[in-house]
Amino acid sequence: MSSRRVRLLAWGVVLVLAVLLPFFFNAYRVGQFTQAMALAIAVLGLNLLVGYSGQISLGHGAFFALGAYTSAIAIDDVGVPYLLTLPLAGLVCALAGFLVGLPALRLRGLYLALVTLGLAIATPQIIKRADGLTGGTQGLTIDKITAPAWSGLADDQWLYFVTLVVTVATFVLAAFLVRGRVGRALVAIRDNEIAARAMGVNLARFKTGTFAVSAAYAGVGGALFMLPIGFLAPESFPLALSFAFLAAIVVGGLATIAGALFGALFIEFVPVYAADVDEALAGVIYGGVLILFMYLLPGGVMGLIRKLSSTKTRPRGSDDAEAGAGHRVGGGAAGADRARERVRAQ
Amino acid sequence: MERFVQVIVDGWATGSLYAALAVAVVLIYRSTGIVNFAQGELAMFSTFIAWGLIEAGVPLALALLGTLALSFAGGMLIERVIIRPVEGGEVLTLVIVTLGLYILVNSLAGWIWGFGNRSFPGLFGDSQLDVAGVGIPVESIGIVAVLIGVVGLLFAVFQRTKIGLAMRAVSLNPDSSRLVGISVGRTLMIGWGIAALVGALAGVLLAPRLFLDVNLMGGVLIYSFAAATLGGFDSPFGAVLGGWIIGIAENLAGTYVDFIGNDLKILVPLVAIVVVLLFRPTGLFGSPEVARA
């Protein structure tokens, strides 16, 4: 079988399992998987930005919060149907992402990390200050969402399927984006900006565009994350959330699509089980995993899967995991060559 | 008028604390080109060690000396074990590893000492001098004096000693430094050791004003980054001046701009970073970076 077939088959199996899942678990577990999918959308958005375009954001928790609050305020204050608030959250966050992306054009690497870190730190404070809209420290509550009668589903199952549909749509969209012209341009920017520009890539448009799309993903993820809980407070979006997103893309694999699923499951379930042992354990695991993965598995879980399967079925040249590996040392002429090679390989 | 001066004096003292941590950040950047996101957490960990020693009945001065020595050793160890494998790698890799260290150290401290807060003894007492109606805490004077002393000492080390020369050489060009016989690895270890020591000093100076808990440095770090950015990432003097400017600006904005108040003070360093990076990316005293194709 060709590798493309294998990949489609794997996706098919995952999708069937995902559809069956809510009928085999209790409401609590189904809620957790719903949250994991919402996180996966945000993680995928961050990976588009960091993994593909090479721009570092330590502040995606801010967009996640913005999406969640946009949706909650639209439902609660304006009475917009909750399904319509999802594209609304995406739009608002895309605009915010575009605005953050503008200064990001002139900030590279480290400095962008600093600015976005500041954004993540300031998020809870800003939410508290804007208490007219956000309810401040009191938080916001929305009415419980119920499944429509025709569906015959329990409320938790309904929200699960809503989230599943959005997740599939966002993943397919991302896959098309990165496989085509856009993806090649982004990888070229990441690996050598100067070479990319010389080849005619419009840096400003692609960079701000990626920021907007990435933020929109985070926003939609945030809105979906909030719906089953029905409650929001400034403390829901600590700095640790932004760090968790970063841990998720490193665990799943930088510059991969499917990696977002592994990463999201990791950050959804590790804290749940770690908290049984000690409050601090989840943090110890996150920190340790970030460091160890960068040493041992820079391609993340997806990199490992590809490495294992490529020895049998896949030619090495088409191995995306290499493009996503964290160990791209130095820039210079060698970097430009590699970028060109990779662009051709796709 | 007196109130205005008081606000500036208070801001100046707070700014000195930001500056102390900023100096530690700048030290590592100068010698290794890495911005250590974990710097604040390492300082917090050191402060907990000092607290533990004092609780165990060790005399204050001895406890501080012990903490500084342990921090120096700890900084060297971290460089050797955690940073060395990725040194000279991609910015993204380095950011992720130092962030991992940030989360790891923070959580380890929570595991060992819990998440509650403790009071930490002041080093300079709590009396204050009264100068023409403006109260200047002796503590503030002490902090500024320590800070100036540290930066002066660092300047002497960098400019007048062989190891300082080696550190400057390594940061400029590790390969050529190795060729002329400098042990690059050892030099980098010493750089991290000194930075951890300065960070520990920042921690024990800061802890009496805030309460000591695992998030002691979480809020301070972004101010220190702002200070380092404003001063220029490779200039310790710039970091000190940047810290003072940020501290005073923060206090003025918090007092006189209603919209900002106490809640949104955090926007001051954020805005400062963005503005500096957009209009003068090298900061006030930094040297420009040259990108080669």
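Is Ala255(A) buried or exposed? Ala255(A) is buried, because 29 other C-beta atoms lie within 10 Å. A residue counts as buried when 20 or more other C-beta atoms lie within 10 Å of its own, as exposed at 12 or fewer, and as partly exposed in between; C-beta atoms are placed from the backbone.

## Basis of the model

This is a predicted model: local features need pLDDT of at least 70, side-chain atom pairs count only at pLDDT 80 or more, and totals for chains, interfaces and linings use all residues. Residues are numbered from 1 along each chain as its sequence is written, while chains are lettered from A and ligands numbered from 1 in the order in which they are written.

## Chain A overall

Chain A holds 16 helices and 2 strands. Helices (H or I, at least four residues) and strands (E, at least two) are DSSP runs, numbered from the N terminus. Of the 346 residues in chain A, 53% are buried.

Contacts here are pairs of residues whose C-beta atoms, placed from the backbone, lie within 7 Å. Among the contacts in chain A with a separation of 6 or more, 77% join residues 24 or more positions apart.

## Ala255(A) and helix α12(A)

Ala255(A) sits in the loop between α11 and α12 of chain A. Its phi is positive, about 60°, although Ala255(A) is not a glycine. Most residues other than glycine have a negative phi.

Helix α12(A) covers residues 259–277. Its 19 residues should span 27 Å at 1.5 Å a residue, and the end C-alpha atoms are 27 Å apart, so the two agree. The expected span is 1.5 Å times one less than the number of residues. A kink of about 30° lies at Val270(A), shortly before Pro271(A). The bend is the angle between axes fitted to the seven residues ending at a residue and the seven starting there.

The buried residues of α12(A) include Gly259(A), Phe262(A), Phe266(A) and Glu268(A). Their cover includes α2 (27–52), α11 (239–252) and α14 (300–310) of chain A.

## The nonpolar core

The largest nonpolar core has 209 residues. Such a core is a set of buried Ala, Val, Leu, Ile, Met, Phe, Trp, Tyr and Cys residues joined through C-beta atoms within 7 Å. Helix α2(A) gives the most to this core, 16 residues. Val43(A), Leu290(A), Val23(B) and Val198(B) have the most contacts inside the core.

Setting aside neighbours within four places in sequence, Val43(A) touches residues including Phe245(A), Ile249(A), Ala260(A) and Ala264(A).

## Where the chains meet

The contact takes 39 residues from chain A and 38 residues from chain B. On the chain B side, α4 (91–113), α9 (218–231) and α11 (267–279) each give two or more residues. The largest share, 16 residues, comes from α4(B). By class, the chain B side has 28 nonpolar, 8 polar and 2 charged residues. Ala, Val, Leu, Ile, Met, Phe, Trp, Tyr, Cys and Pro count as nonpolar, Asp, Glu, Lys and Arg as charged, and the others, Gly among them, as polar.

Ala113(A) lies in helix α5 (residues 110–129) of chain A. Beyond its neighbours within four places in sequence, Ala113(A) is in contact with Ile56(A), Leu58(A) and Val95(B). Ala113(A) counts as buried because it has 28 C-beta neighbours inside 10 Å.

## A hairpin in chain B

Strands β1 (residues 128–131) and β2 (residues 134–137) of chain B pair in the antiparallel sense over 4 bridges. Pairing requires at least two DSSP bridges between the strands. Val131(B) stands opposite Val134(B). The strands form a hairpin with 2 residues between them, and Ala132(B) in the turn has a positive phi of about 50°.

Key
Contact = placed C-beta atoms within 7 Å.
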